[in-house]
There are 2 protein chains.
Amino acid sequence: MTETLSPELEAVVARAATAAPAYAAVAPEDRARAIVAVADALEANKADLVAIAMRETGLTEARLSGEVTRTAVQLRLFADTLVTGAHLDARIDEADGAFALGVRPDVRRVLRPLGPIINFSASNFPFAFSVAGGDSAAILAAGCPLIVKAHSGHPELSDATAAVVTAALAGAGMPDGTFQLVHGREAGVAILKDPRVKGGAFTGSIAVGRLLADIAAARPAPVPFFGELGSVNPVFVTEAAIAERGDDIASGFVTSVSGSAGQLCTKPGFVFVPSVEALEAPIAAAAQGIPEHRLLDPRIAKSFAERRDTILGTPGVRPLVEGGVRFDADGQGWATPTIVAVSLDDFRAGHERLVHEAFGPLSILVEVPAGTDLAALLPEFFEGNLTATLHLSEAEGAGSANAEAIAALVEAMSLQVGRVLFNGWSTGVAVTPAMQHGGPWPATSNDSSTSVGTAAIQRFVRPVAYQNVTQAFLPAALRDDNPLGVPQARTGAGESQEWGARWR
Amino acid sequence: MTETLSPELEAVVARAATAAPAYAAVAPEDRARAIVAVADALEANKADLVAIAMRETGLTEARLSGEVTRTAVQLRLFADTLVTGAHLDARIDEADGAFALGVRPDVRRVLRPLGPIINFSASNFPFAFSVAGGDSAAILAAGCPLIVKAHSGHPELSDATAAVVTAALAGAGMPDGTFQLVHGREAGVAILKDPRVKGGAFTGSIAVGRLLADIAAARPAPVPFFGELGSVNPVFVTEAAIAERGDDIASGFVTSVSGSAGQLCTKPGFVFVPSVEALEAPIAAAAQGIPEHRLLDPRIAKSFAERRDTILGTPGVRPLVEGGVRFDADGQGWATPTIVAVSLDDFRAGHERLVHEAFGPLSILVEVPAGTDLAALLPEFFEGNLTATLHLSEAEGAGSANAEAIAALVEAMSLQVGRVLFNGWSTGVAVTPAMQHGGPWPATSNDSSTSVGTAAIQRFVRPVAYQNVTQAFLPAALRDDNPLGVPQARTGAGESQEWGARWR
């Protein structure tokens, strides 16, 4: 099954494989310094990069400029994170002559970089989930050489960003081959199949993500593949929340649906409400002010226009905000938000047509009769999702009449999504240590992990134990003198005699 | 692709699915108490269980009795582990008005049980990797309902153990459906395919492990599958080590190869030595005393006899200890150890015939010429392995002439195995927090994890974040009052302004 690479790709993979031991051996502080240098270089080149990105993606200057900042901040966060060494999960079990199962040798365990990783970048975040985005930051922080497969939607920006990254890493003294960029899906697939490549990351559609996940799993030596795929992010709003702040909810909703022309994996695709009526006017008013926005590329625009037609043509679907998609002479699509309503019965009847993600500024309000078991709606209608949200009133909570129903809904959400929100909107994912961006299939191909937040680094390391190995030959994180100052979890001699005793 | 289950299996999966939320909600201390009750019940029934196991597996009373103790100890270790809550990786990021990317909401993240898991048990550890073995302990500790697929090699023992486990869990008040046992590979496969089942564990052959891993990956909604498969565990011995304690090395080697009739995934299958001559006599002397040992079942015996013939028939292979396999009237095979030697050149020439695991008491010494780059032998001859071992002398180390070669060998080992040992033998895996039992393919189907040691619990949880969720609706591990007393990693307001600043 191993295929021959073209000479050009062979050189890319060979360079990454050669860089692997050298880059893994770089001292954590130097690796952090190099990553911060990338962040600084991106910000120094912000104006040029944003100009290219605007042309290639149709996203606004404000959005793209903020995205460069976000990208730099997440690189710096990973730099700080890797130096703590907490992600190494260093464990030391001391030699123990009184061990419960005979003599225990000295055993020490640490997480080590996987080796070269390929990251398939996203269309909709040309900075934050692209060449130097979150996955790339996590891969570099973990100590793995990175090969980025550029997204076809912004090839020039990818090259320009890659030049900035390459120069910054070289300037910081990182080994040649630590970072490389390739173009073309076939190139990406060929690299993912190469035995020297030890894993993959991806942000994009369910169809492509599944294809790549299947390739990674079917290799003669399978490798982990972390795909962040599709999501419709259901929202629930209580009657009391609407009574309390219906206008705020309506305007927050419209902003969340229409920002970046709705081309966000965390866009709220479904909102379950007790009654559409009270929200109808404020939603229409909020939508009024939203200017036409170019969609990322003609293919995405065409596919959004088709999804929109399907949804509008489903029996029982009533537009609250009609919106539309206009195609210009270059074939680019320009969208204004479309917001529709449907009854729970019609949603149930039209489920197959309605439930799939519409990648663009469109959302569906579902009107649920009083007394509906909201917790039961999630497993009835949805697979795994990135997020689920509940809007409730100030008075609703621990002591209120519906406290038990709220708890049941939160539990149902927890079983099916990666992030549960109260009184907010799922777009605008905070880049922060506790963030979870991922969820059960098809939100991701592997829900053991996240692609935003510092835990993302743990996708690209694997454990190795050292038994009775002398100090000089141990990885630095496991030495008794702990030169890196990482957290070391120690189990002392004799402890095993007491295991379980407290619970008898 | 979803298939219809038989009524009997449908009832099993339905019970596990019903048990999932109830068992996940059991307080950690009560879950720990239940797991300790299982450990105590196994020890209370040791005599009866060991008698069945001896008959079904041919393993000795001493070995099986020790294995029950080991199984009980690992259950108790997991009970203690789950209560600490360290595996929950609880993170709390405080709301932050001065966040680097605009206002950050309160975000909290915790790891939650996956749901029902199927564990395919092993033939060669009828207790420690079977019904109530390590994977089962990790699954129950994580808070997941457990379905065990019994190994066909010890069906009666599996039923007897299951009765003990079921009674202990019921006695401790655990929900019905927390633990169930099924027989037959088809039943196991059907359960692994069911959408209500959220993951699998396995210990066995590469062929079967690959089959099951592929099934798990190909499901409409893929699930993680943790297979511990094959390994040949290469060992390297320096000239100085032989000079210093050749007799000890020879006898330790023979004990490690012949214990449990060599039917251990950590058996040293290859030993690279500078010269066979000095070890020949002590190996023969040590092997003399090893009594004939029954192999686990006729299929394993037949397959071992064939592998042995293939190895003995390979050009350049010279028996140091001939050993053999004798079949009795019941078709059971009885083995004495076979130890052979081959030159590096002949090993290279006969590589395809020699390199695969021989599951039984057989090992191959490879004589390497002086000046051979030992570190290069690992990638030349082997795929991923569970372990690699180096025997060196007291004087060899940080200051010695071959210090660099040792460091290079340790690094090569680290890239290809899950556990690196000095001056010991890879059999007899310590059940202890820092243990790593797993390694790159084909040692395991997923080398992000271990199947021995407390980190094994992390295979069966997944992260969920809570954003702006009020205290009353948070999981206990994320509450400010921390009722479970788990470690909570807190990121305070304002910290993000300094991210990366130290590395500039």
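# Briefing on a predicted two-chain model

B:Ser260 lies in the loop that runs between helix 9 (239–258) and strand 9 (270–273) of chain B. This residue has a positive phi of about 55°, although it is not a glycine. The model is a predicted one. The contact between its chains draws on 87 residues of chain B and 85 residues of chain A, and one open sheet of 11 strands includes strands from chain A and from chain B.

**The interface between chain A and chain B**

- The size of an interface is often expressed as the accessible area that is lost when the parts come together.
- Between chain B and chain A, the buried area is about 6900 Å², and carbon and sulfur atoms give 57% of it.
- Three residues, B:Phe473, B:Trp499 and B:Trp503, supply 12% of the area that chain B buries against chain A, which is more than any other three residues.
- Polar contacts link 52 residue pairs between chain B and chain A, both residues of each pair being at pLDDT 80 or more.
- Several helices of chain B each supply at least two residues of the side that touches chain A, namely helix 2 (28–44), helix 4 (61–84), helix 8 (206–218) and helix 15 (403–416).
- Strand 1 (90–93), strand 2 (107–113), strand 17 (417–422) and strand 18 (461–467) of chain B likewise each supply at least two residues of that side.
- On the side of chain B that touches chain A, 46 residues are nonpolar, 18 are polar and 23 are charged.

**Salt bridges**

- Side chains of opposite charge can pair when their charged atoms come close.
- Over all chains, a search of the whole structure finds 52 salt bridges.
- The count between chain B and chain A is six salt bridges.
- B:Arg112 and A:Glu411 form a salt bridge, with their closest N and O atoms 2.9 Å apart.
- Within chain A, A:Arg33 forms a salt bridge with A:Asp30, and the closest N and O atoms are 3.1 Å apart.
- A:Arg33 and A:Asp30 are separated by about one helical turn, because they are three residues apart in helix 2 (residues 28–44) of chain A.

- Strands of a sheet pair through backbone hydrogen bonds, in either a parallel or an antiparallel manner.
- The open sheet of 11 strands has mixed pairing and the order 11(A)-14(A)-15(A)-9(A)-8(A)-16(A)-17(A)-18(B)-2(B)-1(B)-19(B).
- Strand 11 (318–321) of chain A and strand 19 (488–491) of chain B stand at the edges, each with a single partner strand, so one side of each has no neighbour in the sheet.
- Direction ignored, neighbouring strands of this sheet are turned by 20° against each other on average.
- Strand 17 (residues 417–422) of chain A pairs in the parallel sense with strand 18 of chain B over three bridges.
- A:Leu421 has B:Gln467, in strand 18 of chain B, as its bridge partner.
- Within chain A, strand 8 (residues 235–237) and strand 9 (residues 270–273) are paired in the parallel sense over two bridges.
- A:Val235 stands opposite A:Val271, which belongs to strand 9 of chain A.
- Helix 10 (residues 277–288) of chain A packs on the sheet and touches strand 9, strand 11, strand 14 (338–343) and strand 15 (362–367) of chain A.
- The direction of helix 10 of chain A makes about 50° with that of strand 11 of chain A.

**The sheet of three strands in chain B**

- Chain B also holds an open sheet of three strands, in the order 10-13-12, with antiparallel pairing.
- Strand 10 (293–294) and strand 12 (324–327) of chain B are at the edges with a single partner strand each, so one side of each is left without a neighbour in the sheet.
- Strand 10 of chain B pairs with strand 13 (residues 333–336) of chain B over two bridges, in the antiparallel sense.
- The bridge partner of B:His293 is B:Ala335, in strand 13 of chain B.
- Helix 11 (residues 298–312) of chain B packs on the sheet, touching strand 12 and strand 13 of chain B, and its direction makes about 145° with that of strand 12.

**Cis peptide bonds**

- In chain A, the peptide bond from A:Trp441 to A:Pro442 is cis, with omega near 5°.
- A:Pro442 is placed in the loop between strand 17 and strand 18 (461–467) of chain A.
- In chain B, B:Trp441 and B:Pro442 are joined by a cis peptide bond, for which omega is about 0°.
- B:Pro442 is placed in the loop between strand 17 and strand 18 of chain B.

Note on methods:
Residues numbered from 1 in each chain as written. Chains lettered and ligands numbered in written order. Predicted model: local features only at pLDDT ≥ 70, side-chain atom pairs only at ≥ 80, totals over all residues. Heavy atoms only, no water. Contact = heavy atoms within 4.5 Å. Buried area = accessible area lost by both parts, 1.4 Å probe. Salt bridge = Lys/Arg side-chain N within 4 Å of Asp/Glu carboxyl O. Polar contact = N/O pair within 3.5 Å; in protein donor to acceptor, adjacent residues only side chain to side chain. Helix = DSSP H or I, 4+ residues; strand = E, 2+ residues; numbered from the N terminus. Nonpolar A, V, L, I, M, F, W, Y, C, P; charged D, E, K, R; others polar. Pairing = 2+ DSSP bridges. Axes fitted to C-alpha atoms, helices over the stretch in contact; angles between N-to-C directions.
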